[in-house]
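Welcome, and thanks for having your viewer ready. Let's walk through the model together, one selection at a time.

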Amino acid sequence: MAEEATDKMAAMTVVDDSADGAGINKRTVKRDALRANEHAMQKLWEEEGVFEANPDPSKESFMVTFPYPYSNGHLHIGHAFSLTKAVFRAQYERHLGKNVLFPFAFHCTGMPIQAA
């Protein structure tokens with residue numbers, strides 16, 4: 001499905017969509033291609049149930065949270081370092097056989113981060 005969307009993006013042609021027909025409006029071509037790819041991937045995720053989980057109630061549960069980086073500063077290596085630790089821990093606990101929940105962009109209180 002992803003290859004199909006990529007092929008469609010590569011095959012897209014720029015058409016004259018200007019109001020007066022005097023020229024080609026190229027401003028939205030890239031955006032439209034990206035949106036088409038996004039919709040194709042979302043459809044694939046929905047069909048495959050990528051974000052669905054069937055936790056086993058007999059297993060221990062584990063949850064790790066990582067807040068979305070605030071938009072009041074520039075991203076730096078510290079953001080990646082912190083996120084990597086959280087991803088590692090979630091994967092480690094999953095390999096131990098636990099039901100792992102890793103909601104991204106939620107504060108430890110469970111409230112969504114406004115910048116996300």
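Throughout this tour, buried means under 20% relative accessible area, exposed means over 50%, and partly exposed lies in between (1.4 Å probe, protein chains only). The model is predicted, so local features need pLDDT of at least 70 and side-chain atom pairs count only at pLDDT 80 or more, while totals for chains, interfaces and linings use all residues. Residues are numbered from 1 along each chain as its sequence is written, and side-chain values use heavy atoms, with hydrogens and water left out.

**Stop 1: K98 and E93.** Please select K98 and E93 and show their side chains. Both residues are buried, and E93 has a relative accessible area of 3%. They form a salt bridge (a side-chain nitrogen of Lys or Arg within 4 Å of a carboxyl oxygen of Asp or Glu), with the closest N and O atoms 2.7 Å apart. As for location, K98 sits in the loop between α3 and β2 (99–101); helices (H or I, at least four residues) and strands (E, at least two) are DSSP runs, numbered from the N terminus.

Stop 2: R89 is partly exposed, at 40% relative accessibility, whereas E93 is buried.

**Stop 3: the network.** Which residues are linked here in a network of salt bridges? They are E60, R89, E93 and K98.

**Stop 4: around F62.** Next, select F62. Contact here means heavy atoms within 4.5 Å. Leaving aside neighbours within four places in sequence, F62 is in contact with R89, E93, K98, N99, V100 and L101. With that same exclusion, K98 is in contact with E60, F62 and E93.

F62 also belongs to the largest nonpolar core, together with V64, F66, A86, A90 and V100. A nonpolar core is a set of buried Ala, Val, Leu, Ile, Met, Phe, Trp, Tyr and Cys residues joined through side-chain atoms within 4.5 Å.

**Stop 5: R31 and D32.** Finally, move to R31 and D32. This pair forms a salt bridge too, its closest N and O atoms being 2.8 Å apart. R31 is partly exposed, with a relative accessible area of 44%, and D32 is partly exposed as well, at 32%. How many salt bridges does the rule give? The count comes to four.
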